[in-house]
Amino acid sequence: MKFGYFDDVRREYVITRPDTPYPWINYLGSEDFFSLISNTSGGYCFYKDARMLRLTRYRYNNVPTDAGGRYFYINDQGTVWNPGWAPTKTPLDSYGCRHGLGYSIFGSSKNGLRATQTVFVPIGADCEVTRLTMKNTSAEPKSFQVFSFVEFCLWNAYDDMTNFQRNFNIGEVEVDGRAIYHKSEYRERRNHYAVFGVNTAIDGFDTDRESFLGAYNGFDRPDAVLEGKPRNSVASGWAPVGSHCVRMTLAPGEEKSLIYVLGYCENPEDQKWESPNVVNKAPAKKLLSAFSTDAQVDSALSRIKEYWDGLLSNFRLDSRDEKLNRMVNIWNQYQCMVTFNMSRSASYFESGIGRGMGFRDSAQDLLGFVHLIPSRARTRILDIAATQMEDGSAYHQYQPLTKRGNHEVGSGFNDDSLWLIFGVIAYLKETGDWPVLQEQVPFNNAEGTEVPLLEHLKRSFDHVLNNLGPHGLPLIGRADWNDCLNLNCFSKTPGESFQTCANFESGIAESVFIAGLFVSVGPAYAEILRRSGCAGEAERALREVRNMTDAILRDGWDGEWFLRAYDAFGDKVGSRECDEGKLFIEPQGFCVMAGVGVKEGLAQRALDSVHRHLDTEFGLVLNWPSYTSYRLNLGEISSYPPGYKENGGIFCHNNPWVSIAETVLGRGDLAFSVYKKTCPAYTEQISEVHRTEPYVYAQMIAGRDAPRHGEAKNSWLTGTAAWSFYNVSQFILGIRPQFDGLEIDPCIPEDFGSFTVERKFRGSTYRIEIDNTAGKSKGVKSMTLDGEPVRGNVLSVCGDGQKHVVRVCMG
Ligand code: GLC
Ligand code: GLC
């Protein structure tokens, strides 16, 4: 069942009924100011950091769900409704929500009035703008009131929901004509406030929540709105809110718009006040006047469109599969940008107060946005590298505002450092920016410890070699990619963090997954060394890669698939000898991607085992069989009920690994069928089962051992976005940046047909027309560049800023 449809021309998902199975959201903003907005106009905004500088309040896990947002109430002669349906849920005559790239539009009607609510965060301004256009579609004049509403968060979102003995006393506002100022804590150490203004004269306002709602009412029944009487309340402590009341009269056919701006403003320390206790409003006035006319709003909206036109023109696919086109050209790349902006901080599943930026998460996210914003990828790499320690280990997380490593979680996740190499390889292949390797980067952000980035890569690589276990495989530490496989943890205390507790470190638990990751980055890393004048070290690296490969084949092969790990007792994890958890997806994907066991025929056996044991209608589960009881020696993985999360869930992140691995074997059918199973556009039809947004990936879909098999959770902020784009663009469609050019090497189903990709690469545009009338899965027979034959299948870098036509014949 569907709850909407894709409008590919406008690059929107159009939701046609408000009661979607779960709130379906969008992200607004691309620089410092961000908003989350659901299909019923719920959500919240923040400036830079979702925990420290949150402008509006949101109630996670609330009843009813999705409480808190920017709400507009229309009181039309006693009938009160919202253009976004919630919170009154008054039945509408028509409803629609268009989530587009960087904006959302609600279009609804009731009793001859039509409301169009357009919401966006302009480029270059720190605010959320809403234009509410009201049209009288009836034959009679109409007179009604519009009430706006936001509830302010007292900035620190964690304190805001825990520290009530303080919070109920500190709320402060100022009202200045049509602008409401939220200035809690501005009297002391803050240099910022929020402003909520409208571009027309108002007939009243409210800034005190209880006065506006009534003590025992929810957002669905605000007394002020129901009675049509704003209270002109001025908050003092308790819960400051912002609401304007505007009375409108429209002749038949007439329409008028109101423009609301909710903004974040800062003042220098010595210019905070305009007079004692009166905030300096200069920056707010400037902001409000920048968005006070329809023309200004229209031009800000076209800038957003141009911004996305520009980004998405870097990679454009034209194939005969429209679902594939829309994922590749629009939604997958959009989600990659959102994960770039948000990391894992703020979604409808991540509260914005938890983890900062993950070292491995951010390094992998890079795969999905490096072709879109290479210069920001560069900065991200340098930030990540600066949280590394001298011994090559790394902070598992760091805080986005300070860029400092997070002490609470610390280090000890032994895959982390390799992802830095992984990210740098991807960046170099995209940009050819070799000087980045000479950038001076400190360890643990400590001044005076700066060394070239290249040295950080060396420490990363050697960190694995300095931490090998009895089988010559990498020690796992607290966990590898799978945060929940905690082989040194042995936690018996409820509530203890599985990631930081370590009660039984025998020093021998090893990870075959890290071994596969090591072999996969090794050759390109060695190439980086060779080109940086370190030939000796390059050779050593290749030798170590061979040793690691041997170790995997010797002690990491289980007969039909790759082993997952050795636990703290040296016992196998992910082996046919195990009673549960016999087979894990991660080492199969990574070892085969790395080429381990390909020539021996083991790679194919491993992937065949994956399809035999892990496949379901909705994607590949992470492990089989799921653990049915808690295992002290395995940690968090066994804490999840069977079929959820890392315990037998379809953890979408590593489905692309298997898909890529299939392209290594040249099995285009299998690669594409794995791709399609978790790809949201292909599961749109079963939205009632899947439940999260049909336009973006979720982290997890419940596996077959879960009662709710097929149900997705944790949509938006997942490494799945980057890996899926990396997979489809570079391995299935096969347009793959290499150090010296663009390799063309598709691996597709035989009946996929011909297709064209327009790809910007190092300053030039390549229009790559791939002719597959031969019906092949893999193999490039011939290729021309601007009519000239090319030897091999790698296009050299033209670097001339021109457009080039490439004709590729598969065969
Ligand atoms: C989460 C984490 C990621 C980890 C994965 C598997 O998505 O963000 O770092 O690799 O879970 O545990
Ligand atoms: C939990 C989740 C895992 C995530 C981790 C982050 O363990 O199951 O997916 O990576 O938290 O700390």
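Rings of Phe, Tyr and Trp (the six-membered ring of the latter) are paired if their centres lie within 6.5 Å, and the planes of a pair count as stacked when under 30 degrees apart, as edge-to-face when over 60 and as tilted for the rest. The structure shown is a predicted model, in which local features need pLDDT of at least 70 and side-chain atom pairs count only at pLDDT 80 or more, while totals for chains, interfaces and linings use all residues. Residues are numbered from 1 along each chain as its sequence is written, chains are lettered from A and ligands numbered from 1 in the order in which they are written, and side-chain values use heavy atoms, with hydrogens and water left out.

**Close-up 1. The aromatic pair of F3 and W24.** By the ring rule, the count comes to 62 aromatic pairs. In one of them, the ring centres of F3 and W24 are 5.8 Å apart and the planes stand at 80°, so this pair is edge-to-face. F3 lies in the segment before β1 (4–7), whereas W24 belongs to the loop between β2 (12–15) and β3, so the pair ties together parts that are 21 residues apart in sequence. Helices (H or I, at least four residues) and strands (E, at least two) are DSSP runs, numbered from the N terminus.

**Close-up 2. The surroundings of ligand 1.** Ligand 1 is surrounded by R355, R360, D361, W481, N482, D483, E646, F651 and Q699, where a residue is taken as near if one of its heavy atoms lies within 4 Å. An oxygen atom of ligand 1 is 2.5 Å from an N or O atom in the side chain of E646, and for the side chain of R360 the corresponding distance to a ligand oxygen is 2.8 Å. With D483 the atom concerned is a backbone N or O, 3.0 Å from an oxygen atom of ligand 1. The protein covers 95% of the 310 Å² of accessible area that ligand 1 has on its own, with areas taken from the Shrake-Rupley method and a 1.4 Å probe. By class, the shell has two nonpolar, two polar and five charged residues; Ala, Val, Leu, Ile, Met, Phe, Trp, Tyr, Cys and Pro count as nonpolar, Asp, Glu, Lys and Arg as charged, and the others, Gly among them, as polar.

**Close-up 3. The surroundings of ligand 2.** The residues around ligand 2 are R355, D483, C484, Q499, E636, Y640, K645, E646, F651 and Q699. Oxygen atoms of ligand 2 come to 2.6 Å from a side-chain N or O atom of D483, to 2.7 Å from one of E646 and to 3.1 Å from one of K645. Of the 300 Å² of accessible area that ligand 2 has on its own, the protein covers 80%. The shell divides into three nonpolar, two polar and five charged residues.

**Close-up 4. The second largest pocket.** This pocket has a volume of about 740 Å³. On a 1 Å grid over the protein atoms alone, a pocket is an open set of points with protein on both sides within 12 Å along at least five of seven lines, a cavity is a set where a 1.4 Å probe fits but cannot get out, and lining residues have an atom within 4 Å of a point. Of the 32 residues that line the second largest pocket, K429, Y726, F731, R736 and Q738 are the closest to its centre. At least two lining residues each come from α10 (416–431), α12 (512–531), α16 (655–665), α20 (720–732) and β37 (735–738), and the largest share, six residues, is that of α20. The lining of this pocket has 20 nonpolar, six polar and six charged residues.

**Close-up 5. The largest cavity.** A search of the whole structure finds nine cavities of 30 Å³ or more, and the largest has a volume of about 60 Å³. Its lining consists of Y27, L28, G29, S30, G102, V121, I123, I304 and W308, with β3 (25–28) and α6 (294–312) each supplying at least two residues. The lining of the largest cavity divides into six nonpolar, three polar and no charged residues.

**Close-up 6. Backbone geometry at P64, P87 and S41.** Most residues other than glycine have a negative phi, and most peptide bonds are trans. The peptide bond from V63 to P64 is cis, with omega near -10°, and P64 is found in the loop between β6 (54–56) and β7 (71–76). A cis peptide bond also joins A86 and P87, with omega about 0°; P87 is placed in the loop between β8 (79–81) and β9 (97–100). S41, although not a glycine, has a positive phi of about 70°, and S41 lies in the loop between β4 (33–38) and β5 (45–47).

Notes
A polar contact is a pair of N or O atoms within 3.5 Å; within protein, one must be able to donate a hydrogen and the other to accept it, and residues adjacent in sequence count only if both atoms are side-chain atoms. Grid points are joined across faces, edges and corners, and a volume is the space filled by probe spheres set on the points.
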